[in-house]
Amino acid sequence: MEAPIRAREALGFILFSLLFSICRSSSLNHLLISNAERRIDLSSHIVKVYLTLKVENAGSTPTSEVLLSFPPTQADHLATVEALVTKGKRKKTTLVRLDVKATELPDAPNDAKYFTIYLANPLKSGESTTIEVLYLLTHSQEPFPAEIAQSESQLVYYRDSALILSPYHIKQQTTFIKTPSTKVESFTRVEPSNRAGTEIKYGPYEDHPPYSFSPILIHFENNSPFAVVEELVREVEISHWGNLQVTEQYTLVHAGARHKGVFSRVDYQSRPTLNGASSLRYLLARLPPRVHSVYYRDEIGNISSSHLRTDSRKSELEIEPRYPLFGGWKATFVIGYGLPLQDFLFETSDDRRYLNFTFGCPLLETVVDKLTVKVVLPEGSKDPSAVVPFPVEQHLETKYSYLDVVGRTVVVMEKKNLVPAHNSHFQVYYTFKPIFMLAEPLMLASAFFLFFVACVAYLHIDLSIRK
Amino acid sequence: MAPPAKAITSPVPDAWYPTLAVFMLAIGLVLTASFFIYEATSSKRNRSLAKELTTGGGFGSLFLLLSAGVYV
């Protein structure tokens, strides 16, 4: 198995370096990476990669853009890319977040995808800076064997490169890979590489030209819950009488190795560590503090296997699906809760109101394939606009709810491929004249009025046939 | 970031909802009862009485809905 892989990787290596020398992009400023350290964390099904790059400007012009490149298969599964730079001296270091944007370059070898990091201060010639990049990959651990029985452990493949794919020359690089347990079936050896406990070390590799790539395959055990929410629809209804009602509809699936054979409840409950080690039993949702009226139900009715623990800073809802989820099994349910309005709705100085709420799934360590957030604004709201820290698709809808005549404006935002790191705040701005709040009690009052007028009319009307 | 913005709350404090609901509904019911008694006893109708008791019944039912958790 190893010899063909080594021949293939050597061929790929030669091809890439040839390709680079043929089509050299002039937009690449002469940056050089003197030291690169990459730490890949495979402990959960979301792959976290921490890349520390020491970038040196070997050219003559100052630059403020650093390019990152990813192979096309990895780029499709990228959930977030963040870049930080440390500022200040030893004791007082602060992390400054940098802007990262996806960019297209015309002559990318083998369809590599790029991201540009915009530095706060341009890097002058001869200077170097250390950038820390964090990126998260979803759906990158492929279960192999693809089907397992209840008593088997889940083994997955992880494919990557021992050499960091970069448009710049890298002088020295090392990659550390952390597996969740010590059980590693096999891993590609690219000398020098070795394994100690749960850590596999590839490197240090010296002096590699740009776009060098050396594919590796790691086959290891990962029994962490592969919880994937295929579709999540979150509806946030604002009521100016003091309440925010959130309703979330989930379609949860276990994205690990598919379950084959029978499910024996006796075996499952008697020896949980041996049977169903990778099954999904519990899910934890982190909700804001001061939450009330929390419900957890599905199409059958209420699901009572849940616990709510509140404190002054957060609330934790621990839910258990009606049945443990094995590979390929699905569960659909609805979670709803109410929140006090003053924690989330604010007024700006120019009389616009805005809702400040979290975008993203409250479930911890789950990947959401498609998320739709709907913010239902009260009747009579005008000029809605949303400000979200990452790109989303937006459109408006109308919803008819209690005591509605014209309907409520709904701001709908959609995004694909989310991870818990996307749980940042977004704002929805709108204008509302407080006098419109009087419309509701007056509507109820007019209903009573009409009833009494009907009574008066009935008593007036003479329906007798004979005078 | 923008200067600390003022938080928006309901024009009527939340804690008063049940109390207000009870009082306003009581007033509304009394006025409704007197309206029907007036209807049944006299043959001339008084329009302004009808208007008075509608507002009592309307606000009372609104606070009843709010205190029950149906935030309209």
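The model is predicted. Between chain B and chain A, about 2,700 Å² is buried. Carbon and sulfur atoms give 75% of that area. How many salt bridges does the rule find across the interface of chain B and chain A? The count is 0.

Now take chain B by itself. Chain B has 72 residues, and 32% of them count as buried. Its secondary structure amounts to 2 helices and 1 strand. Along the sequence, the pattern is β-α-α. Consider the contacts in chain B with a separation of 6 or more: 58% of them come from residues 24 or more positions apart. The accessible surface of chain B is about 4,500 Å². Carbon and sulfur atoms hold 71% of this surface.

Turn to chain A and its loops. A:Ser166 sits in the loop between β10 (155-161) and β11 (169-178). Which residues does A:Ser166 contact, beyond its neighbours within four places in sequence? They are A:Ile33, A:Ser69, A:Pro210 and A:Tyr211.

A:Arg313 is another loop residue, placed between β21 (306-310) and β22 (315-319) of chain A. Its relative accessible area is 68%; the cut-off for exposed is over 50%, so A:Arg313 counts as exposed. A:Val228 lies 85 residues from A:Arg313 along the chain. The C-alpha atoms of these two residues are 27 Å apart.

Next comes a nonpolar patch on the surface. A:Ile435, A:Phe436, A:Leu438 and A:Leu442 form it. Together they have about 370 Å² of accessible area. One member, A:Leu438, belongs to the loop between β30 (425-431) and α4 (439-460) of chain A. Why does A:Leu438 count as partly exposed? Its relative accessibility is 39%, which falls between the 20% and 50% cut-offs, so the label is partly exposed.

Last, the cysteines. How many disulfides does the structure hold over all chains? The number is 0.

Definitions and conventions
Residues are numbered from 1 along each chain as its sequence is written. Chains are lettered from A and ligands numbered from 1 in the order in which they are written. This is a predicted model: local features need pLDDT of at least 70, side-chain atom pairs count only at pLDDT 80 or more; totals for chains, interfaces and linings use all residues. Side-chain values use heavy atoms; hydrogens and water are left out. A disulfide is a pair of cysteine sulfur atoms within 2.5 Å. Patches are made of residues with over 30% relative accessible area and no salt bridge: like charges are joined within 9 Å, nonpolar side chains (Val, Leu, Ile, Met, Phe, Trp, Tyr) within 5 Å. Accessible areas come from the Shrake-Rupley method with a 1.4 Å probe; for residues, only the protein chains shown count as cover. A salt bridge is a side-chain nitrogen of Lys or Arg within 4 Å of a carboxyl oxygen of Asp or Glu. Helices (H or I, at least four residues) and strands (E, at least two) are DSSP runs, numbered from the N terminus. Buried means under 20% relative accessible area, exposed over 50%, partly exposed in between (1.4 Å probe, protein chains only). Buried area is the accessible area (1.4 Å probe) that two parts lose on being put together, summed over both. Contact means heavy atoms within 4.5 Å.
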